[in-house]
Amino acid sequence: MTRPQLFHCLRYTDADRGINFLQAIGFTTAMVVRDPDDSTVVTHAQLAWRDNGGIMLGSTQDGDPHYGPGICNLVVAGDEDVDSLFATALEHGASTVTEPNYALHGGRNACVADFDGHWWNIDSYPGA
């Protein structure tokens, strides 16, 4: 399987700022679709994570039932990458939820919150 089959989905009050944050912590932009009547509104964006992860996002709009804090687990290549990506996220406006630490189930992890309160767990544990 080379294409993601599961996407974490978010809404941002400032989708362009969200995209910039995600690019800073390692996502690559696959597509951005804007409202033809208001170019500041992102109706759909898709960003890729590593080999086959992905996220979809858009701008919040009045009455949007999909807006709210979310959490996404970003699996990185190794323990040292947890610390590096944690520092990069803080440099780009994130706040600390949990400092880098070693988990009982294995691997190293840390968690940050972006400007809209979405949590990004940075984890070297790839899952079972």
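Predicted model: local features only at pLDDT ≥ 70, side-chain atom pairs only at ≥ 80, totals over all residues.
**Entry 1: Arg108**

I started with Arg108, which has 12% relative accessibility and so counts as buried, the cut-off being under 20%. Next I wanted to know which side chain Arg108 meets in a salt bridge. The partner is Asp83, and the N to O distance is 2.7 Å. These two come from distant parts of the chain, 25 residues apart: Asp83 belongs to helix α2 (residues 79-91), and Arg108 to strand β7 (residues 108-113). Asp83 has a relative accessible area of 30%, so I wrote it down as partly exposed.

**Entry 2: salt bridges elsewhere**

How many salt bridges does a search of the whole structure find? I got two. One of them joins the side chains of Asp16 and Arg34, at 2.5 Å from N to O.

**Entry 3: helix α1**

Which residues of α1 are buried? My list reads Ala15, Gly18, Ile19, Phe21 and Leu22. They sit on the same side of α1, because the arc they cover around the axis is only 160 degrees. I then looked at what covers them, and found β1 (8-12), β2, β3 (38-49), β4 (53-59), α2 and β8 (119-123) among the elements. Just after α1 I came across Gly26, with a positive phi of about 115 degrees.

**Entry 4: the core**

Leu22 turned up again when I looked at the largest nonpolar core, which has 26 residues. Leu22, Ile25, Phe27, Leu47, Leu57 and Trp120 are the ones with the most contacts inside it. Which elements give two or more residues to this core? I noted β1, α1, β3, β4, β5, α2, β7 and β8.

Leaving out residues up to four places away in sequence, Leu57 touches Leu10, Arg11, Tyr12, Ala15, Ile19, Leu22, Val42, His44, Ala45 and Leu47. Ala15, Ile19 and Leu22 were already on my list of buried α1 residues.

**Entry 5: Ser59**

Ser59 is in strand β4. Its relative accessible area is 7%, so it is buried. What does a polar atom of its side chain lie 2.8 Å from? That turned out to be the backbone nitrogen of Val42.

**Entry 6: strand β5**

A quick reminder to myself: side chains in a regular strand alternate between the two faces of the sheet. In β5 (residues 71-75), Cys72 and Leu74 make up the covered face, while Ile71, Asn73 and Val75 make up the uncovered one. How many bridges join β5 to β8? I found five, and the two strands run parallel. Leu74 has Ile122 of β8 standing opposite.

**Entry 7: Arg50**

I went to the loop between β3 and β4, where Arg50 is found. Most residues other than glycine have a negative phi. For Arg50, though, phi is positive, near 50 degrees. At 49% relative accessibility Arg50 counts as partly exposed, since exposed begins over 50%. Which residues is Arg50 in contact with, leaving aside neighbours within four places in sequence? I wrote down Val75, Val76 and Ala77. The Arg50 side chain reaches the backbone oxygen of Val75 at 2.9 Å. I also checked Arg50 against Asp116: they are 66 residues apart along the chain, and their C-alpha atoms are separated by 23 Å.

**Entry 8: Cys111**

I finished in β7, the strand of Arg108, where I also found Cys111. Buried or exposed? Cys111 is buried, because its relative accessibility is 4%. Apart from neighbours within four places in sequence, Cys111 is in contact with Phe86, Ser95, Thr96, Val97, Thr98, Trp119, Trp120 and Asn121. For scale, I looked up Cys111 and Met31: they are 80 residues apart in sequence, and 26 Å apart in space from C-alpha to C-alpha.

Key:
Residues numbered from 1 in each chain as written. Heavy atoms only, no water. Salt bridge = Lys/Arg side-chain N within 4 Å of Asp/Glu carboxyl O. Helix = DSSP H or I, 4+ residues; strand = E, 2+ residues; numbered from the N terminus. Buried < 20%, exposed > 50% of the residue type's maximum accessible area, 1.4 Å probe, protein only. Arc of directions from axis to C-beta. Contact = heavy atoms within 4.5 Å. Polar contact = N/O pair within 3.5 Å; in protein donor to acceptor, adjacent residues only side chain to side chain. Pairing = 2+ DSSP bridges. Core = buried A, V, L, I, M, F, W, Y, C linked by side-chain atoms within 4.5 Å.
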